[in-house]
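Hi,

Here is the structure I promised to pass on. Have a look at it first, and my notes follow below.

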Amino acid sequence: MTEDNELVYGGDYNPDQWPRETWDEDIRLMRQAHVNRVTLGVFSWSSLEPREGEYEVEWLDTIMDKLADAGIGVVLATPTASPPPWFSLAHPEALPVRPDGVRLVHGSRDTYNPAAPAYREAAVRITRMLAERYGQHPALRMWHLHNEYGTVSHGPVSDEAFRVWLRARYGTLEALNAAWWTAFWSQGYGAWEEILTPRATQYLPNPAHVLDFKRFSADLLRDCLRDQVEVVRAVTPDVPVTTNFMLPSWHHYDEWDLAAEIDTVSIDHYPAARDVEGEVHAAFGADLARSFNGGRPWTLMEQATSTVYDYAAGRIFAKEPGRLERNTIQYLARGATGSLFFQWRNGRGGAEMFHSPMVPHTGPDSRVFREICDLGATLGRLGELAAPPADGGPVNRNRVAFVWDSTAWWSSETRALPTDDLSFLDAVRAAHRALWWEGIGCDAVRLGDDLSAYDVVLVPSKLAVSDDEAQALRTFVEQGGTAVVWYFAGSTDEHLRVRQGSFSGAFADLLGIRVEELHPLAPGETVALDDGTTGDCWSQLVQLRGAEALAHLTGGVLDGVPAITRHDVGAGAAYHVGTRLEPGALRRLLADVVARAGVTRDHPAAGDGLEVVRRHAGPGTYLLAVNHDEVPRALTVDGHDLLADRPVAGEVVLAPGAHLVLRETARTPVPARPVDPVQPTP
């Protein structure tokens, strides 16, 4: 377990890929770099079990002992994300099947069907072997179960499991047929055996069928995780358990559900932009991780040391000097327990031979390794950040939240919507980006959560909304909260059945509007608003039913139609955004909304590229500031600079790219909202 005065530092280590004469050199370099934690065995199934039921563990015994002797803790992984070739040959029914019926073969990672009993049984066996053999080893600090859950499969094995799931969800075929609206296109089911997982079909599939398959697949991955959690907790109840989420684009499971099964959330995070958008993305991933972990400190399991992976451009770009430490400060500000990477050394071959390492192909005599050593020394000076808040509250005390919801994501992918430009992720990131530029911190929530800790809740691109979710948002507003709801949100129920009487019908009464017609825009087409701003993607015919219009559309058939509205409800207010506002306009709107709600920044100077976040740790508070701007930025502070080890009172000027970590002089604490008990970190 981690001491309260130690941030974790290190990454994935793959000694089974290297000759043993490199192992002592690796440990010497780890100590030079101040590494105190490594993850072992993530993709080592064929090294641990080269033949079914025959284990070769002497290599792991040896390296575990060497690491323990060096004072380096181990996050021990189960290798179940990558079954070995013998398994695929022996159990072809456990290979994944695509929607077009093609069965994939061994040759990459994730070649398994999570519904296959043979896979589930093999995963449990090797998990139990590792738990029983290493559960009492002095190097063990945490269990890392699987890697980046996300495999989805079709085919006969999945069909059978899907039917079991549907029976449990609906009980009867009558209830399923009603939820799926199967009278359309003669899809009514008369026997459970008629139902298959969604396959490649002639034209458009049934949206509710597809949505339920995504829910089933998510539950199935959760159940695979549960299998392994039960094994390691039975053997090592005091060793914390995690699994790493691939954020934010790897979305085949529900992060909230997986977080409920483990002791602490860990994430893999690889921002794809080389400019400041990459820094905004780092903040976004950290805010998600902390939120999924109930506001508690979380683990940054993977990131890139020296490269930026821009898959859209088909390039692996180099990170500029200094960015590695800046990004680490960003993650720490938002609750990270340290900084871990994939991986310690580049593999000389294999599919990721040019992945970003701590020790590059060119060796320790390199700019990258020198930065790694410097970062390790920096983290050694920041150990007091590792202590959980003494008052039991969250590490960041934000008053704004955005809704993160798996059903919202999956329903936005429904084919044959009025436009295919309703991406949930893009909409959420746009809102988060606007707040980041304003210097306003935020959390992710579900509408079923307790929202009373927040003053403002944002609801972008949530098409499918249940009656309970709609009521939860209404209660939040009536009790004094402010809600902002984007266009088309709430237009269907949780089964993707369109609500009657008004589009956005789940929220129409709360918003004080009626949406009579939808007018989506063509790619590149824009609409003008009478406040001088523009929008794209969407417009609609809105009628006021108690709301006031803050801005109207101008020109065309919708000239004069309300575009942005506000409705006072109870002690609060609900805003509606009827088009996709340009970034500057969205930022100005949200800045006005949060200001009216009384929300303030963690520091008055924050915003416009100066990122300032307050973290609570132990009995104190800390300001972490990073200047992403191209010009020097000043802020007034009072406390102790942990990096320079000196007191600071008054104005501090941060050069472009510079950062500050300050233990604040005693200040009036922000009241803590309750969170789950703090769990140990690795």
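Which ring does the charged end of R345 sit over? That would be the ring of W18, with the charged end 5.6 Å from the ring centre. For a charge to sit over a ring, NZ of Lys or CZ of Arg has to be within 6 Å of the ring centre and within 35 degrees of the ring normal. R274 does this too, with its charged end over the ring of F317, 3.6 Å from the centre.

Before you go on: this is a predicted model, where local features need pLDDT of at least 70, side-chain atom pairs count only at pLDDT 80 or more, and totals for chains, interfaces and linings use all residues. Residues are numbered from 1 along each chain as its sequence is written, and side-chain values use heavy atoms, leaving out hydrogens and water.

Now the aromatics. Rings of Phe, Tyr and Trp (its six-membered ring) pair if their centres lie within 6.5 Å; planes under 30 degrees apart are stacked, over 60 edge-to-face, and the rest tilted. That rule gives 29 aromatic pairs. One of them is F213 with F216, a tilted pair at 5.9 Å centre to centre and 40° between the planes. F213 is buried at 5% relative accessibility, and F216 is buried at 3% (buried means under 20% relative accessible area, exposed over 50%, partly exposed in between, using a 1.4 Å probe and protein chains only). Y487 and W538 make a stacked pair, 5.5 Å centre to centre with 20° between the planes. Both Y487 and W538 are buried.

Cheers
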